[in-house]
Amino acid sequence: MTGERPIGEDDLQAFVDGRLSPSRLEAVRAYLADHSATAEQVEREIEHREALRTRLAFKAREPIPSRLRIANLVAAQRRSPLVRPAAYAAALAWLAIGGILGAWGGVWWASRAQTQSAAISVADNAIAAHRIYVSERLHPVEVPADQEAHLVQWLSRRVGKPLTAPNLNAQGYHLIGGRLLPDSGEAAAQFMYENVGGNRLTLYARSGGSEAQTSFRFEEQGGVSAFSWIDKGLSYVVSAKADRTQLLPIAEAIFKQFEAAGDPAKGHL
Amino acid sequence: MDEIASLLEPQIPGLRRYAWALLRDGEAADDLVQDTLERAISRWSQRRDGDLKAWLFAIQRNLFINGLRRRKARGTRVGEEALNDVPAPGMSPESHAGLHDVLKGLDALPEEQRSILLLVGVEDLSYEQAAQVLDIPLGTVMSRLSRARARLRDFMETGRGAVLRRVK
């Protein structure tokens, strides 16, 4: 019986706010009838709540100043967008290859320095893992590509978010497999691809990043190039021994495949 | 853009009221609301399908807190207007009569308690929305609300509490 659940402070607060269900309200009323000191306190709290509302009501009734009109704010942002340098550079790179529409710019521009720095450490780990495993002759991967379904399912479960191994045939790379890696106490996944020339690239993914989406971030360490980004709570890093212009279309292709898979409405992009 | 305006504008009166209650200065409050709206517009595409009201109040509250931290780091600076708010000791007729302005009571509380009283009691956020704004579990919302109301009650009855905050 719900009525037998003892009265708690949450019930009393919900009583003050008038948010109790009818059955619970009855139980709280019965309790207060037996506890006059508490009843008196609750009565005061209801008065104070009302007093605060009354005292502040004038502010919400004031006409809204024109500087807070959304149309004016949107127009002002168009005139002088708050552009952050790193994100802006990435947006320019996109525009340069004609791969992105203006409407997407806002996403890149709005990304935060904070998540960028989180992305840096993920990129460091991803590049380190890339170096170790791409040069491995005997065991470059833990689970080979002929068990792709199992590989993806297993890594998704360990990383804690649904992953996909993107199809990079159009870029000349095929999946050779993947492995599970530790990263700052969490599980990370590495997918490895190879082209006909024997060049390998890796896609690294781990959960993290509170932002829904960030811009691409490029870095190069000792001949290994990497693009990293955060999308839907996952940090991704694609790394290869290639230069920026070679890697960018691959990063772009991966990003677009995830977008298309995650959001059917954007599939046409 | 019309969609943004039609969703955001109904929230502005509440955001202005919450900002004013925190800052008690009309210009500064509207500056805070403007910052909040600008940020909301620039991040519109990142907004998840969650609760718009909770999202906006969370942005505003975080901006307010960050502003407080910056001011603390710089050392407190108060405008002339703030001086008018400080009651002359023993001179207020209200305090003699035991009639305290509920806003003075609000001032006596730490920010986290002020915010929860305002968000739940004035802005009518659900407990779940308040938990989202303050980034705390639902259970903590209820106990914080309970503590805040008890403390406000205590202040309104005894008049103690406000002085401590002014001195700090």
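Q: What share of the contacts in chain B with a separation of 6 or more comes from residues 24 or more positions apart?
A: In this predicted model, residues 24 or more positions apart account for 61% of those contacts in chain B.

Q: Why is strand β7 of chain A called mostly covered?
A: A residue counts as buried if 20 or more other C-beta atoms lie within 10 Å of its own, and 7 of the 7 residues of β7(A), which spans residues 234-240, are buried. L234(A), Y236(A), V238(A) and A240(A) point one way and S235(A), V237(A) and S239(A) the other way, all of them buried.

Q: How do you know that β7(A) pairs with β4(A) and with β6(A)?
A: Pairing requires at least two bridges between the strands; β4(A) is joined to β7(A) by 7 bridges, and β6(A) is likewise joined to β7(A) by 7 bridges, so both pairs qualify. Both run antiparallel, with Y204(A) partnering V237(A) and F227(A) standing opposite V238(A).

Q: Which element of chain B gives the most to the side that touches chain A?
A: The contact takes 38 residues from chain B and 34 residues from chain A, and α10(B) gives the most to chain B's side, with 8 residues. By class, that side has 21 nonpolar, 8 polar and 9 charged residues.

Notes:
Residues numbered from 1 in each chain as written. Chains lettered and ligands numbered in written order. Predicted model: local features only at pLDDT ≥ 70, side-chain atom pairs only at ≥ 80, totals over all residues. Contact = placed C-beta atoms within 7 Å. Helix = DSSP H or I, 4+ residues; strand = E, 2+ residues; numbered from the N terminus. Nonpolar A, V, L, I, M, F, W, Y, C, P; charged D, E, K, R; others polar. Buried ≥ 20, exposed ≤ 12 C-beta atoms within 10 Å, placed from the backbone.
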